[in-house]
Each structure stands twice: as C-alpha cells, then as structure tokens.
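Student: Could you help me look at the pockets in a protein model? I'd like to go through them one at a time.
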Amino acid sequence: MKNNLYALKLLFKLSPGIVYCRGFRRIIGYAEWLFYSAFFMRYIVYAYENNESYGKIVLFLGIVGTVFAFVTVYKNFNDGYATPVCTTIVNKKLNSILFKKALNVDLRCFENSDFYNKYTLAMQDADTRLIETVDVFWGMIFGFIATIAAFSFVFSIDKWAVLFVIFPILGNFIFNVQLGKIEFKRNEDMAYHNRKIAYVNRVMYMTEYAKEMRLTSALSLMKKRYGEALSGIGEVVAKYHLKGAIMHWLRCSFTFSFIFEGVMLYGAYRSIVSKTLSLSEYAVIIELMVSTSWILIGFCDSCMTGYKNGLFIQNLKNFMEHEPEIPEDYDGIPADEGIKTLEFRNVSFSYGEENVLENISFTLEGSKTYALVGYNGAGKSTLIKLLMRFYDPTEGEILLNGRNIKEYNLASYRRLWATAFQDHMIFSATVKENVLMRDCKESSLDDDERVISALKMAGVYDKVSSLPKGIETMLTKEFDEDGALLSGGEFQKIVVARAFATDSCGCIFDEPSSALDPIAECNLFDNILANGENKTMLFVSHRLSSVKNADCVFLLADKNLAECGSHDELMKLNGLYAEMYNKQAVNYLAVSENDWKTISEAKGKTGRIKTPAGESTQGGAC
C-alpha cells in the first residue's frame, strides 16, 4: 500500500486528470453493478408482482435509460479521449523525469548489474505500469466499499443468504492465493529454461551470429539447447500440474459454482416450498450474489496485482530517490580559465574491493601532447574516466590549475575537453548531427564548414561526400531504409571528427585508431598532432609507433605509473616501454632493412618483384 500510495502521488503530480478519470470510472462501474442488482431488478419484479401501471414502469425505464445513456457517453469520452490524452501527458512528463534522472546517475551505477537490472525494470513501460497501479489502488478502495454495500443489501433481504458469500471469500483469498503461490514457484523454476529458449531465439535472428550459424555446425548445438529447455519446462509442468489443477478446481468451485448454485437452490426453496421469499427478493438475491462474486473477484485481483505492482513501484521509487555521488548539475566555480596544468596527485581508485590504480602522480602542462600506454587492464580507460570526473578518486586528488576539480562546475569543466572514446557509439542521425552531437535543423553554414573540416582531418570526408546526401545522410537504417552503413573504421573516424569539431582547450583520444589500417592510423595521428598545436592533448594507444611524437609518454603497469618520458628517453631507459616497442616493431617489420633495399632496387629495374615461389608480381602488390 505504501508503494501504491507513492505511485498515486506521483501520478497526481504528473496529471491530476487521469487520477480523477480512472477513479470516477471505477466508481461508475461498481455503481452500475450495485444499481442493477439491488434496485433495478427488484423494482421491475416488484412492479410486476404488484400490478404497477405500464406507464409508470415505462417512465422508470426511460429515466434509467437516459441516465445510463449519459453514463455510456461519459465512459466512451473517458476511454476514447480523456484517458489517452492524459496517458500521453503522463508518458511525456514521466519519461522527461526518468531521462533526466538517468543522465544524472553515476556512471558506475550502469556498471553495477544489480542497479542496472532495477533501472531497466523502472524504465520498462513505466507510464503503463504507473497507470495500472493507480487502477489497482482505486480497485482496492472502491472494491472494498462495493463489497460491503453488496453484503448489506443481501443482509437486508435475507441475513442467512450472506453466509453464501463465504464461498467466494474462500475461493479468492484462500485457494486463489495458494494457486498464485504455485504459479509463482512454477514460473520461478521455469525461468532458467525460458532464458535458454530466449537465448536460442536471439541467436537465430541476430546479425552478429549469422556468419557463424552458416559456416559451422552451431545450429545443431542450438537445437540441443532448445530441446533441453523444452524438456526442462515439461518436467516443471509435471511437477506442479496436479497441485495447480486441484487449487484451480477449488477456486472456481468456491468462487462460482457453490455460491451461484447454492443461492439458486436456497432461494428456490424459500420462494417455492416455504413461500417465505418473494419473487422480487429472490431475483435480487440472485443478481446481488452474482455481482458480489464479481466484485470480490475484482477486489482480490486488485489486491494481487497491487502486490506485484508494488514490487515494480519499489524499483521505480529506488531509482527516483537515488542520490548520485557526482550529479550532472554539480555546481561550483566556472572552469573558464583554460588548461594551464592538470595534476594527478597520489590518486588511487578501486571498483568495490578491487584496486585498479594506486598512488598515481603526474602533471599535464597546457599546449603539450601526452600519450598513455600500457597492457590491457592496466587502468588507462579508468584514468580517463577519473580525468573527466565520471568517477572521483578513492584516494588523492586531481587538480586543474592548482584547484581540485571538485571545486569546478561539472559542466563547465567537461567543456574544456573534446573526447573520442574507443567504445564509441554512432547514433541514428545524420552525419552532421553525429559530428556536432546536437539537433541541426537550424544549423548555419559555419556549422557545415566545421563538420566538413573535421571530417577531412579525420580522413573520412571523401567517403561522406560520396554518400547520396553528403553530410545530411542518415547513418544506420534504424529510421531510414536509405541510411548509410559504414565500416567500423569509417564510423570510428566520424567519432574522431566529433573531437575535431569541438571548440575546447584539451582533447582526449582513447584508442582512436583501433579499427584503422596502418596508413590511415599514421595520417590520423598526424592530423591529431597538427590540430593540437595549441591544445593539451592526451591520447591512449596500444600501438606504440603512434606515440613517438608525443612530448611525454606515461606507461601504466601493475596499477602504477611505471615509466614516463619522451619516446627517445624511454627507449634509452631500455625498460618495459622499450621492450613493448621492440616487440611490436618486430611484428610490424616482416623483412629487414637490407631486404627492403633489395626489393626496392628490383622494383626499380624491372617493375616486378619475384616472390619466394618464383612468381612475378607487380611492384607494390606486396
């Protein structure tokens, strides 16, 4: 009830109209049942028994018909117009709140599976579930009132007839609850097998698995998993079907059969045999028992649904009340002085109990170029996230121009940096919108020039200009059948172009060339360095050949800053960096310098090169 009250308050805040509409709709529904059962049928039969005039009966029917005609008009207006309009308002306002909250949630929350699961449950059909919860709330309130009223009407006619109401109470609140528990336990036991089936279904239609499914025998493996899941479901069904069938029979018998047939036999005896019950009272009792049973069923269903929705509302409530450690609207002094120095001072960071970085200290100076290298899992991406203040250090501090970055307004601090991450995402939007990362309906010629310049520096403008609509071409086919699907390297270049198009004091490139060939990588880094002449540049790269021109290279290893210095200094140090560089150099150089000299001379003389097999090929094909 506490969670359902929370939902009612939230919905009232979003749209008071829908709370009133749904509540009044429930009142009308119960009132119709009670009026028809307790008054209408009783009056008609009573009028027949007492030979009331035809005109009086017609007048009564006319009044009732007119009232119910207006009620029907209202219900159609409510269901066909008022509720859909209010639902749209709720959807818009609720999603606005949820989206704003989602953007304000700490990044680490999205990396926490428990929080993320609850977050997705809170977001999933939130407006529909919220309205359903309010329906349930009114169903419990007015269902209880209607049940008491129905009991009172029955008691006023025949106090012993009230005893028959015990049957639907037992059917709904005893056997139905037991049936619900059995179904819950059965569904819980089926969850593992259903997950298997869902996995196989995904594999069969997802693009990522298409090639393997056609080139291997993976289909037989999927069929086996599917068969195992079906067998498992069959075993679960066999385990619970007898108990479930018994409880279902008891629920239906007590809720419907015993009360309907019992009341009919009891009423028939009193009306025909003992003649202690009039025909009108008999008809009213029958109708009231039918209405009372359905009211009880609705009340019980509302209670059960209210319990289930209460769990959903708890997830929504937890999400809405979550207080982020680093809110996106974090305020402070504006960071508008540019980047003179950025210092990591004794910084450590851990994910839970796992230490990722320990006692890291270094300083970036403005208008210089820095490279961050290291093995996978060394903490390079984590360090970037700390710099961008997606996380705060577990220990130590990060200083911008001598001030802890916690003192700055978060938005203004992040605007100092243009970023391109390796786990980039392309949005279903135009090339221009993907570069500028905003709505470009009212863009200017300056915006077009900025986008084109950025695409050229990223080395992808020739490809974009060949598309049907150039920079106005929609990327992906999510919303446009004519949308462009580029290669992974081309998409990565567009992400890099975002950084080139951003007016900032610093640039961060996290593995900007991971999907590029060596020539494209070389050109990209030349452009990065040329674009960063007056900017503070920091780029992460596994390919050490691309960091040679950096002013300083930081090598992370074993959670610490193992080495730092220029490329030449680190090579002279002959430490871990030199070892990594030499190993990569061996892999890049398939032949020695003397071999390349011989090949060049052979190409110059004949224009053709002899392969080891003695075959002749055009120079350059190697």
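Tutor: Gladly, and please keep in mind that this is a predicted model. Let us begin with the second largest pocket, which holds about 450 Å³ of space.

Student: Which elements give two or more residues to the lining of that second largest pocket?
Tutor: Those elements are α7 (166–205) and α10 (279–321), and the largest share of the lining comes from α7, which gives 8 residues.

Student: And how many residues line the second largest pocket, and which lie nearest its centre?
Tutor: It is lined by 15 residues, and the ones nearest the centre are G180, K181, F184, M304 and K308. Sorted by class, the lining of this second largest pocket has 6 nonpolar, 4 polar and 5 charged residues.

Student: OK, switching over: what volume does the largest pocket have?
Tutor: The largest pocket has a volume of about 1600 Å³. Its lining is made up of 41 residues, and F390, T419, F421, F427 and M437 are those that lie nearest the centre.

Student: What about classes in the lining of the largest pocket?
Tutor: There the lining has 23 nonpolar residues, together with 12 charged and 6 polar ones.

Student: Which elements supply at least two residues of that lining?
Tutor: Among them are α3 (54–104), α11 (380–387), β6 (417–420) and α16 (488–501), each of which supplies at least two residues of the lining of the largest pocket.

Technical notes
Residues are numbered from 1 along each chain as its sequence is written. This is a predicted model: local features need pLDDT of at least 70, side-chain atom pairs count only at pLDDT 80 or more; totals for chains, interfaces and linings use all residues. Side-chain values use heavy atoms; hydrogens and water are left out. On a 1 Å grid over the protein atoms alone, a cavity is a set of points where a 1.4 Å probe fits but cannot get out, and a pocket is an open set with protein on both sides within 12 Å along at least five of seven lines; lining residues have an atom within 4 Å of a point. Grid points are joined across faces, edges and corners, and a volume is the space filled by probe spheres set on the points. Helices (H or I, at least four residues) and strands (E, at least two) are DSSP runs, numbered from the N terminus. Ala, Val, Leu, Ile, Met, Phe, Trp, Tyr, Cys and Pro count as nonpolar, Asp, Glu, Lys and Arg as charged, and the others, Gly among them, as polar.
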